Amino acid sequence: MELTIPVGQDAVWAEHLAGGGVPIVLLHPAIGDSRVWDPVLPGLSGRRVLRYDVRGYGRSQLPTAEFSLLEDLETMLNQLELERVLLVGCSMGGGTALSFALAHPERVQGLVLLCPGAPGFPMPDEPELDAEYDGLVAKRDVDGLVQFCLRLWVGAGSDDAAIAQVRAAVPAWFDQDEYLEAGQPVYDRLHEIQVPSVVMVGDKDRPVAVAVASATAARIPGCEFIWMPGTDHFPSLREPQLVTDTILRFAGDYDAG
């Protein structure tokens, strides 16, 4: 069922699928929208699943006020009365999942993290890339930003699905500095996470993304690590069966009755 759910003075597009077992919440990356999960959804048939587009992305409205990724996730789960969930987050969505797991550990059954962001990780300075990105944003150059993103993040090949994902994300980047609140650092608190967790990352991703993923897995107690050959920053597009199987393994069995 497709929904429009109010978050503050804005609204987001969501899809909430009825089913059994622990609710599975799919959180998309900053270089795409919730359609990044399209190849995974058929394998989750019969499960209760929520996915949504962050403000400004895909089918959601552009933001008109400051917002927090963590608070929007909290609002979504509260409005849909989802008390305890399995969080599946890719990149930006992975960072949101980690933030929620630290803020509300009692509401998280497990974490499936695809090339996750980890706010607070000591990212290397990349002044030339930053300047190029800022210049494209200042000119609101959609095509230039698409090509910039494909060059950096899509190492497994710029096929139609990857290009469509990036193009759906670009409009959200123009006003992000004005509206998106910086999340609280989580990197130095990852040792506090006590739920079953897995980190997945591919060898076609950027080295810094691999470094973040590896360090995140090392800091979460008991975290599983899955290396994905031939995969870039879109694991759900490149290896949907492996991603689906991993989600189902962490979601556990349920009685379909």
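Two rings of Phe, Tyr or Trp, taking the six-membered ring of Trp, count as an aromatic pair if their centres lie within 6.5 Å. By this rule, the predicted model contains four aromatic pairs. A pair of aromatic rings is described by the distance of the centres and the angle of the planes.

One of the pairs is formed by F121 and Y187, with 5.2 Å from centre to centre and 80 degrees between the planes, which makes the arrangement edge-to-face. The two residues are 66 residues apart and belong to distant parts of the chain. F121 lies in the loop between β6 (108–114) and α3 (127–138), while Y187 lies in the loop between α6 (176–179) and β7 (197–202). Both F121 and Y187 are buried.

Another pair joins F225 and W227, and here the rings are stacked, 6.5 Å centre to centre with 25 degrees between the planes. Are these two residues buried, exposed or partly exposed? F225 counts as partly exposed because its relative accessibility is 35%, and W227 counts as partly exposed because its value is 43%. Elsewhere, Y133, F148 and W173 form one aromatic cluster.

The charged end of R59 sits over the ring of W13, 3.6 Å from the ring centre. In the same way, the charged end of R206 sits over the ring of W153, at 5.2 Å from its centre.

The next topic is the strands. Strand β7 is mostly covered, with six of its six residues buried. S197, V199 and V201 point one way from β7, and V198, M200 and G202 point the other way. β7 pairs with β6 in the parallel sense over four bridges, and S197 of β7 is the bridge partner of L111. β7 also pairs with strand β8 (residues 224–228), in the parallel sense over five bridges. In that pairing, V199 stands opposite F225 of β8.

L111 leads on to the nonpolar core. In soluble globular proteins, nonpolar side chains tend to be buried together. The largest nonpolar core here has 90 residues, and L87, L111, W173 and I247 touch the most other members. Helix α4 (residues 142–153) gives the most to this core, with seven residues. Apart from neighbours within four places in sequence, L87 is in contact with residues including V25, L73, F100 and L111.

Finally, an unreviewed UniProt entry places the feature "domain: AB hydrolase-1" at residues 23–154. Over residues 23–154 the chain is 36% helix and 18% strand, and the end C-alpha atoms are 30 Å apart.

Methods. Residues are numbered from 1 along each chain as its sequence is written. This is a predicted model: local features need pLDDT of at least 70, side-chain atom pairs count only at pLDDT 80 or more; totals for chains, interfaces and linings use all residues. Side-chain values use heavy atoms; hydrogens and water are left out. A nonpolar core is a set of buried Ala, Val, Leu, Ile, Met, Phe, Trp, Tyr and Cys residues joined through side-chain atoms within 4.5 Å. Buried means under 20% relative accessible area, exposed over 50%, partly exposed in between (1.4 Å probe, protein chains only). Contact means heavy atoms within 4.5 Å. Rings of Phe, Tyr and Trp (its six-membered ring) pair if their centres lie within 6.5 Å; planes under 30 degrees apart count as stacked, over 60 as edge-to-face and the rest as tilted. A charge sits over a ring if NZ of Lys or CZ of Arg is within 6 Å of the ring centre and within 35 degrees of the ring normal. UniProt positions are given in the numbering used here, feature names are shortened, and annotations may be inferred rather than shown by experiment. Two strands pair if DSSP finds at least two bridges between them.
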